[in-house]
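Hi,

Here is the structure I promised to pass on.

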Amino acid sequence: MSCKRWEPLYSSFLDGEMAATDLQAFSQHLGSCSSCRDAIDSLRRLSEVMSVSVEPEPGFIARFRSRRQEEMERNGPGTVWRWLAARLAPLAVAAILVAVASVWFSEQEEELRELEASEVGIGLSWEYEEIALMSPVLSIALEPFPPPREP
Amino acid sequence: MVSDEKLLSQFLGGEEEAFEALVLRYEARLRRLAYGLVRDWGLAEDVAQDAFIRAYLKASTFRGGASVKAWLYRIAINRAHDELRRIRRKREIPLESAVLPERAESSEAVVAGRELQRHLAGALAEMRPEYRTPLVLREMEGMTYREIAELLEWPLGTVQIRVHRARLELRSRLGPLNESPRKKE
């Protein structure tokens, strides 16, 4: 099979992501094609050249602390306030939500208490009559149904 | 081991040392990633430091859509690209000046290796960022195509094609310097 067919698959072969059927066919092809073998060798060599091992550096964290300090000082109190504001914003939102929720719950509680009081009987009957007097529509609605007409 | 996300949330809750734990966990990886992109250890250190400072100041904007690792990597990649643009504007790009520690050895193999590293630095510097970045993430960070796709927010197929093209481009730029000894003979 021609090398042009295999060239786009070099990387998936190197990265172990080649489909099983392709892998078998390409392995056979590699046995007889020096051009593909050289290409794979040289790409593998590139990977080796590019790989770099890096050890943790003990001084990094100290430099980070001093740069953080510099950054805060260089930008003056504005930065500190912005930083504080950014970090406190979620807390402020949470506090507002709690406050709104507590007001809402206390109102609900008050309404519930009023409703409980009305269920005793006095409040409800008074309100019922008052509303009936004030609203003509409701007064009509409250009147008894006329008796059914005789056919 | 405490997860990255837990450390970040502890930091946002006021525990300063939780962020320092993240710095200690990722400093070597971010330096290596930055080195892969800028090919200069001094610059890589600056990029990694800047990335951590930026993450520190913007920690509250982390939305949790991606991992903390991906977030830090993204900040570092952006910083490295900013740095490369700045250098290019000043025409200071160290095309063939990969800062390698000078050593006393002078065997043929060591000299050839150093020569290859210098040319590699030059070739990578000239490569378009959309090729260089996935190649560095694949070759230096050992990330899978899927991880790179998630980090860069690219389709998986795009990552595969770009990594492959970047390799071929690098191979062609380095030419005989990267030939296998078998072929040289």
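Before anything else, one term: two residues are in contact if their C-beta atoms, placed from the backbone, lie within 7 Å. Also keep in mind that this is a predicted model.

**The two chains**

Let's start with chain A. Buried residues make up 6% of the 151 residues in chain A. If you take the contacts in chain A between residues at least 6 apart in sequence, 38% of them join residues at least 24 apart.

Now chain B. Here you'll find nine helices and zero strands, and reading along the sequence gives α-α-α-α-α-α-α-α-α. Of the 185 residues in chain B, 36% are buried. For contacts in chain B with a separation of 6 or more, residues 24 or more positions apart account for 64%.

**Where the chains touch**

How many residues does each chain bring to the contact? Chain B puts in 31 residues and chain A puts in 32 residues. On the chain B side, the elements giving two or more residues are helix 2 (16-38), helix 3 (41-57), helix 5 (108-126) and helix 8. Helix 2 of chain B gives the most to that side, with eight residues. Sorted by type, the chain B side that touches chain A has 15 nonpolar, seven polar and nine charged residues.

**The core of chain B**

In soluble globular proteins, nonpolar side chains tend to be buried together. With that in mind, look for the largest nonpolar core, which has 47 residues. Ala34(B), Ala51(B), Leu72(B) and Ala76(B) are the ones with the most contacts inside this core. Helices 1, 2, 3, 4, 5, 6, 7 and 8 of chain B each supply at least two residues of the core. The largest share, ten residues, comes from helix 2 of chain B.

**Helix 4 of chain B**

Helix 4 of chain B covers residues 68-89, and at 1.5 Å a residue its 22 residues should span 32 Å. The C-alpha atoms at its ends are 32 Å apart, which agrees.

Which residues of helix 4 of chain B are buried? They are Val68(B), Trp71(B), Leu72(B), Tyr73(B), Ile75(B), Ala76(B), Ile77(B), Arg79(B) and Ala80(B). These buried residues pack against helix 1 (4-12), helix 2, helix 3, helix 6 and helix 7 (145-152) of chain B.

Arg88(B) also sits in helix 4 of chain B, but Arg88(B) is exposed, with 11 other C-beta atoms within 10 Å; the cut-off for exposed is 12 or fewer. Arg88(B) and Ala125(B) are 37 residues apart in sequence, and their C-alpha atoms are 10.0 Å apart in space.

Among the buried ones are Tyr131(B), Thr133(B), Leu135(B) and Leu137(B).

Two packed helices are described by the angle between their axes and the distance between the axes. The axes of helix 6 (residues 129-139) and helix 8 (residues 156-174) of chain B come within 8 Å and cross at roughly 95°. Angles of 65 to 115 degrees count as roughly perpendicular, and these two helices are therefore roughly perpendicular to each other. In helix 6 of chain B, the residues that meet helix 8 of chain B include Glu130(B), Pro134(B) and Arg138(B); on the helix 8 side, Val159(B), Ala166(B) and Glu169(B) are among them. The residues of this contact divide into six nonpolar, no polar and seven charged.

Arg39(B) lies in the loop between helix 2 and helix 3 of chain B. Its phi is positive, about 55°, although Arg39(B) is not a glycine. Is Arg39(B) buried or exposed? Arg39(B) is buried, with 27 other C-beta atoms within 10 Å.

Glu153(B) is in the loop between helix 7 and helix 8 of chain B. Glu153(B) has a positive phi too, of about 60°, and is not a glycine. Glu153(B) is exposed, with 10 other C-beta atoms within 10 Å.

Happy exploring!

Conventions: Residues numbered from 1 in each chain as written. Chains lettered and ligands numbered in written order. Predicted model: local features only at pLDDT ≥ 70, side-chain atom pairs only at ≥ 80, totals over all residues. Axes fitted to C-alpha atoms, helices over the stretch in contact; angles between N-to-C directions. Helix = DSSP H or I, 4+ residues; strand = E, 2+ residues; numbered from the N terminus. Parallel < 35°, antiparallel > 145°, perpendicular 65-115°, else oblique. Nonpolar A, V, L, I, M, F, W, Y, C, P; charged D, E, K, R; others polar. Expected span 1.5 Å × (residues − 1). Buried ≥ 20, exposed ≤ 12 C-beta atoms within 10 Å, placed from the backbone. Core = buried A, V, L, I, M, F, W, Y, C linked by C-beta atoms within 7 Å.
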